[in-house]
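Student: I would like to learn how to read a structure such as this one, feature by feature. Could we begin with the terms and then turn to the case itself?

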Amino acid sequence: MVKGTPSMGKKNKVIFIRCRRCGHVSYRIDKKYCTHCGYGRSKKLRKYNWRRKKK
Ligand SMILES: [Zn+2]
């Protein structure tokens with residue numbers, strides 16, 4: 001899996017689990033919130049203007 005570069009033990013750590021709200025595997029166990037939709041951090045959906053596509 002890791003070629004050449006030492007993994008430093010980071011690869012074994014589970015950081016993300018499946019989010020209950022958005023279904024993405026983006027729920028951080030250590031931070032207790034989803035990085036995809038913001039579940040656990042705020043009641044609103046995570047939204048940023050720079051993510052919005054301009055037509
Ligand atoms: Zn989510």
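Tutor: Helices and strands are here DSSP runs, a strand needing at least two residues, and they are numbered from the N terminus. Please keep in mind that this is a predicted model.

Student: How many helices and strands does the chain have, and what pattern does it follow along the sequence?

Tutor: The chain has zero helices and three strands, and reading along the sequence gives the pattern β-β-β.

Student: In what order do the strands form the sheet, and is the pairing parallel or antiparallel?

Tutor: Strands count as paired if DSSP finds at least two bridges between them. Here the three strands make an open sheet in the order 1-2-3, with antiparallel pairing. Strand 1 (16-17) and strand 3 (33-34) are the edge strands, each of them pairing on one side only. Strand 2 (residues 27-28) runs antiparallel to strand 3 and is joined to it by two bridges; across this pair, arginine 28 has tyrosine 33 of strand 3 as its bridge partner.

Student: Where is lysine 32 found, and what is its phi?

Tutor: Most residues other than glycine have a negative phi. Lysine 32, although it is not a glycine, has a positive phi of about 65°, and this residue is found in the loop between strand 2 and strand 3.

Student: Is lysine 32 buried or exposed, and why?

Tutor: The general idea is to count the other C-beta atoms within 10 Å, a residue being exposed if there are 12 or fewer and buried if there are 20 or more. Lysine 32 counts as exposed because it has 10 C-beta neighbours inside 10 Å.

Student: Why does cysteine 34 count as buried, and which residues is it in contact with beyond its neighbours in sequence?

Tutor: Cysteine 34, which has its place in strand 3, counts as buried because 24 C-beta neighbours lie inside 10 Å. Leaving aside neighbours within four places in sequence, cysteine 34 is in contact with Cys19, Arg21, Cys22, Ser26, Tyr27, Tyr39 and Gly40. For the chain as a whole, buried residues make up 9% of the 55 residues.

Student: Where is arginine 20, and how far apart are its C-alpha atom and those of cysteine 34 and tyrosine 39?

Tutor: Arginine 20 has its place in the loop between strand 1 and strand 2, and it is exposed because 11 other C-beta atoms lie within 10 Å. Its C-alpha atom is separated by 9.0 Å from that of cysteine 34, 14 residues apart along the chain, and by 8.1 Å from that of tyrosine 39, 19 residues apart along the chain.

Student: Which residues does isoleucine 15 touch, not counting those up to four places away in sequence?

Tutor: Isoleucine 15 touches Arg28, Ile29 and Asp30 on that count. Isoleucine 15 is partly exposed because it has 13 other C-beta atoms within 10 Å.

Student: And where is the place of arginine 41?

Tutor: Arginine 41 lies in the segment after strand 3 and counts as partly exposed, because it has 14 C-beta neighbours inside 10 Å. The C-alpha atoms of arginine 41 and lysine 31, ten residues apart along the chain, are separated by 8.8 Å.

Note on methods: Residues are numbered from 1 along each chain as its sequence is written. This is a predicted model: local features need pLDDT of at least 70, side-chain atom pairs count only at pLDDT 80 or more; totals for chains, interfaces and linings use all residues. Helices (H or I, at least four residues) and strands (E, at least two) are DSSP runs, numbered from the N terminus. Two residues are in contact if their C-beta atoms, placed from the backbone, lie within 7 Å.
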